[in-house]
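Morning, everyone. Please look at the sequence and the structure while I talk.

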Protein chains: 2
Amino acid sequence: MGKIKRNERIGVMIRILTDRPNHIFNLNEFSELFSVSKPTISEDIVIIKDLMAEFSLGQIETVTGAAGGVKFIPKPNLAEVIPFIEEICNILSEPGRILPGGFVYMSDILYMPNMVKKLGEILAWHFIDTRPDFVITVETKGIPVAMATAEALNCPMVIARRDSKATEGPVVTINYVSASSKRIQTMSLARRAVKEGQRGLIVDDFMKGGGTAKGLCGLLREFNIDVAGIGVVVSTHVPSKKMVDDYKSIIILKEVDEETGEVIMEPASWLYA
Amino acid sequence: MGKIKRNERIGVMIRILTDRPNHIFNLNEFSELFSVSKPTISEDIVIIKDLMAEFSLGQIETVTGAAGGVKFIPKPNLAEVIPFIEEICNILSEPGRILPGGFVYMSDILYMPNMVKKLGEILAWHFIDTRPDFVITVETKGIPVAMATAEALNCPMVIARRDSKATEGPVVTINYVSASSKRIQTMSLARRAVKEGQRGLIVDDFMKGGGTAKGLCGLLREFNIDVAGIGVVVSTHVPSKKMVDDYKSIIILKEVDEETGEVIMEPASWLYA
């Protein structure tokens, strides 16, 4: 291939950087790819940084030091976050979503890749400074958003199972109490999934009483792992006192009226900050 | 903001296009974003197309017609697919991965975002011409790769559950026979998750006898949904006769020796085509 022009280098680098969020690329990699000097690549990076900022397409960060380089952080476009969450609230408030028991059907949103990706990026952006080593969820409905969060953070995801499985090897199992049903439940995590001293970010689709999140905290404690944070997509307004104190949810479920079929959801107030 | 230069437009468009695979962007959107004419955007697109092809960063396709525009297809870099799959085979063949019963521990790979993303892109690229309306998997371990496949195809994912849940609403439940254990198992799919006449792509992490895939085919039949294809990450060499005829797996598990601890895995032959 012939000499690559600056505009081409910029396009290629944006593609490579954004394809792998939070991964540090050494400038030598780009220098070799395009057969140009490192100072030239550094100039390109400055242009990319400004361009991404100007169009709210995410953040480019230069990392200094021996393992240094440049990385892309999928900073959500803040002007679009509230309208996006409002759109989800509108969809989830459509008639016919209320299920017996007052549940709201949310699986279509929770399993729609382009929506889940943005939800994961919102959680990742909020928790990035807590420096989690992994994202943990309990099966099943929170897995896609946990995965999207882990992708944005460039860390592994791990899944606690409701039953222990032969494909997981030795597990640690705990009992916990569901806040709503008061029933004893169990969850298990493979011993080899995580390491002592790591930090785990808890992500789930839904929180009512907080029993599951508290269960996950207890499970991590068994592994001597610190909880970096707790993030959920939807939490209920009632009960306001959850079994965990410190959590962030993107959407607040204010009301579900099984009689009238009315659902009231709204973006959490911290999103406006 | 001032007048945007071509090199900046190219960078921004690459970021926007690749952030949402297989979504058709109307050229007017870009024309308005940059305040330049549509023919200028068309010229930009030609440059982007060539650039992406030259660096094997995916495929840009122009879609004609009223709903036309331009889209990004995450075509895997074919020169990197075999080395990437060989790397996974090497990791999965490391000592200590064999679990009682001859299972191989694979969860770390299956839950690692950057690996899963590439696996999903390989499956999506293979099945894209089957035009699936959604990707379906059965909980739990196949969910991340099913999600990655759905993201690359720009379609929803749906999850069949082992038990029916109150949060899914009315479900259709079937029984099926696990090929290995010969035990009767059940799986359920929410009625509202899919629509009659659609096409579903089955994706899972592992196939031994093919009982689960056959079960998913039966489940889709209850909804009058055609099977677009069956794709799995790992399938076993033995038994060579599976309960489904037509499937593609990325990796073949040739041998697991519980005595010696040896695991032999290799990339499937179709990947070399």
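I'll go from the pair of chains, to the domains, to one helix.

Keep in mind that this is a predicted model. Start with the two chains. Turn chain B by 180°, shift it 0.0 Å along the axis, and it lies on chain A with an RMSD of 0.0 Å. The two copies are thus related as by a two-fold rotation axis. Which surface do they use? The same surface serves both copies. Of the contact residues of chain B, 98% recur in chain A.

Now the domains. Chain A is assigned domain 1, residues 6-73, and domain 2, residues 78-272. Their centres, taken over C-alpha atoms, are 33 Å apart. Four residues from domain 1 of chain A and five from domain 2 of chain A make the contact. On the domain 1 side, one of these is nonpolar, three are polar and none is charged.

Next, helix H3 of chain A, residues 38-54.

Which residues of H3(A) are buried? They are A:Ile41, A:Asp44, A:Ile45, A:Ile48, A:Leu51 and A:Met52. Seen down the axis of H3(A), they fall within an arc of 130°, so they line one face of the helix. Their cover includes helices H1 and H2 and strands S1 and S2 of chain A, together with helix H1 of chain B. On the other side of H3(A), A:Pro39, A:Val46 and A:Asp50 are exposed.

Last point. After H3(A) comes A:Ser56, with a positive phi near 50°.

Key. Residues numbered from 1 in each chain as written. Chains lettered and ligands numbered in written order. Predicted model: local features only at pLDDT ≥ 70, side-chain atom pairs only at ≥ 80, totals over all residues. Least-squares fit on C-alpha atoms with pLDDT ≥ 70 in both. Contact = placed C-beta atoms within 7 Å. Domains from an automatic or database assignment. Nonpolar A, V, L, I, M, F, W, Y, C, P; charged D, E, K, R; others polar. Helix = DSSP H or I, 4+ residues; strand = E, 2+ residues; numbered from the N terminus. Expected span 1.5 Å × (residues − 1). Buried ≥ 20, exposed ≤ 12 C-beta atoms within 10 Å, placed from the backbone. Arc of directions from axis to C-beta.
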